[in-house]
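Subject: Structure for your review

Dear colleague,

Please find below the structure that I am handing over to you.

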Amino acid sequence: MYQTDNLVKELVELHGAGRTSLIPILQGIVEKYNYLSDDAMVEVAKELDLSAAEVYGTASFYSFLDIKPRGKYVIRVCKTITCSMKGKMEVIETLEDMLKIKVGETTSNGKFTLLETNCMGWCHKAPAMLINEIPYTELTTEKVVKIIKDYMHQ
Amino acid sequence: METRKITKVDLIFEHIDPREVLVKAYKLGSEGIIQEMLDSGVKGRGGAGFPTGMKWKFCAAEPEPEKYIVCNADEGEPGTFKDREILDRVSYKVFGGMAIAARAVGARRGYVYLRGEYKFLMPQLLMELDGFHKMIDEIGYDFRIEFKLGSGAYICGEESALFESIEGKRGEPRNKPPYPTKCGLFGKPTVVNNVETLVNAVIIIKYGSEKYRSMGTQFSTGAKVFSVSGDTPTPGIYELELGMTCLEFVKEFGDGDAKAVQVGGAAGFCVPRKAFAKTIIGFEGVPTGGSMKLFNSSRSMYNVLHNYLDFFAEESCGQCTPCRIGTQQLLRGVEAVKRGEMKSAYLNELVKLAETMKISSKCGLGQSVGNAFNSIVENFREEIIY
Ligand SMILES: Cc1cc2nc3c(=O)[nH]c(=O)nc-3n(C[C@H](O)[C@H](O)[C@H](O)COP(=O)(O)O)c2cc1C
Ligand code: SF4
């Protein structure tokens, strides 16, 4: 659980308190805290004068608006056909090995979450993954090891 | 049969002076622009292939003063990556197409709905948009564009789901009619076009509809950006004149061992080797939003089909029963056949289910699952069973 401090209010000020602001506000919270806590959703509901169910219903529709606790770095490996033909499994195995977690899990220090996702538009440079919003393409075991080591040291 | 050679063109990514084109469009005015778009014969590049001129004409005819232009940059179809490349390299042409559309229909606001996976492009795009706004102000346009980011839902590429998402709701498709040109974003008349379609508008205004129509075929005018991936030595983005056959495509891009091409992504059709020569890629044959995936003989088409079904089962918005349950049943069904728990004849039942989904699903997602399902099962039945 995290304290949103003034973030929700700041986001409401930035985007406005109308219904169209709901998703940008939720995106802003995820950008900072990596997922939406129950408290954060209730707070957004109050600020926008919506029911909490409405906020939860909207958030839970979108796979990037996570409602489960996520690590600081969310790794999303593409599992669609070209990436799976071009070595997605090795990428996953390397990540699981390095992070000591399985797909869907978060490291105990809260730093990394490993997920799979559908086509992210890098089929010509498969296999690919996103770490938060940064794409990494044409992955090999060596490349993955190097990338993750860099993040571990951050 | 006459074989055409693959003709590569360079219109989408070619650098041009946008001001010149936008001044020309401004002077042409609503009727002039719409006439050029109609004469060009251009059809939507997002997959469905609706004539763009007609769409703009319908929207222009609506008396409502508040209208919107929406650029669909959700690009979620497996195997397409051209819209990102277009936005990355020539965003000013995408904005330009939106301004031209706005001038044609009388809109003052536009939105670009960019998929969340492309968020890393935002800083650059916002800077370029700033420069663009300054330029159109000088010419005299009264038009503003805003970005909206998606959050990882393929269904939000469906136009009415996209409107719901911009409005801050779950991305659940609406019933049609009414169509967006009458009742779209915020219930107002809206033109929604794919990124590449909008760039085509710039090309048409710049070079004129006659020159545009001289490319491609009678039913598929112009050129198209193809996203080529899979078993190919040269994966990437190519702008090709429309009208080629699948055989010509495979000769150019295949690795010499192609057994199937999936045209149009997971929602598209699987063309097997025996049909390469007779299949035209375009609106008169197999249409595509640009996704072209090649599979060679080392690939299991069961894995391909399973991957697509898994995709659809996950991405179905769950709003209507045929699609919500159908996608799950197709997935479980082929797994059961593969494991030998169900007889191979069960595939015929699944094909019927896919047909039922085609006629009873609410939106294009559920309606198109049968395209890939039936074309793969029909052509690669043994691979699915054994
Ligand atoms: C499930 C589904 C996903 C879609 N995804 C996209 C997309 O990512 N990009 C796109 O341009 N059109 C997509 N479309 C088509 C749009 O609904 C719409 O037809 C298109 O944006 C219209 O633009 P156009 O006429 O310029 O092609 C999708 C349709 C469906 C049913
Ligand atoms: S067809 Fe599928 S995606 Fe479309 S509305 Fe129905 S459940 Fe949702």
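This is a predicted model: local features need pLDDT of at least 70, side-chain atom pairs count only at pLDDT 80 or more; totals for chains, interfaces and linings use all residues.

Interface of chain A and chain B

Chain A contributes 32 residues to the contact, and chain B contributes 50 residues. Together the two chains bury about 3100 Å², with 56% of that area coming from carbon and sulfur atoms. On the side of chain A, 21% of the area buried against chain B is supplied by A:Phe61, A:Ile81 and A:His124, more than by any other three residues.

As to polar interactions, 24 residue pairs are in polar contact across the interface, both residues being at pLDDT 80 or more. The elements of chain A that give two or more residues to the side touching chain B are α2 (22-33), α4 (52-59) and α5 (81-85). Of these, α2(A) gives the most, with five residues. Sorted by class, this side of chain A has 15 nonpolar, 12 polar and five charged residues.

Four salt bridges are counted between chain A and chain B. A:Glu31 forms a salt bridge with B:Lys119, where the closest N and O atoms are 2.7 Å apart.

Ligand 1

There are 19 residues around ligand 1, and B:Gly46, B:Glu75, B:Asn193, B:Asn194 and B:Thr197 come nearest. Oxygen atoms of ligand 1 also lie 3.0 Å from a polar side-chain atom of B:Asn72 and 3.0 Å from a backbone N or O atom of B:Glu159. The protein buries 89% of the 610 Å² that ligand 1 exposes when taken alone.

With kind regards

How values were computed:
Residues are numbered from 1 along each chain as its sequence is written. Chains are lettered from A and ligands numbered from 1 in the order in which they are written. Side-chain values use heavy atoms; hydrogens and water are left out. Contact means heavy atoms within 4.5 Å. Buried area is the accessible area (1.4 Å probe) that two parts lose on being put together, summed over both. A salt bridge is a side-chain nitrogen of Lys or Arg within 4 Å of a carboxyl oxygen of Asp or Glu. A polar contact is a pair of N or O atoms within 3.5 Å; within protein, one must be able to donate a hydrogen and the other to accept it, and residues adjacent in sequence count only if both atoms are side-chain atoms. Helices (H or I, at least four residues) and strands (E, at least two) are DSSP runs, numbered from the N terminus. Ala, Val, Leu, Ile, Met, Phe, Trp, Tyr, Cys and Pro count as nonpolar, Asp, Glu, Lys and Arg as charged, and the others, Gly among them, as polar. A residue is near a molecule or strand if one of its heavy atoms lies within 4 Å of it. Accessible areas come from the Shrake-Rupley method with a 1.4 Å probe; for residues, only the protein chains shown count as cover.
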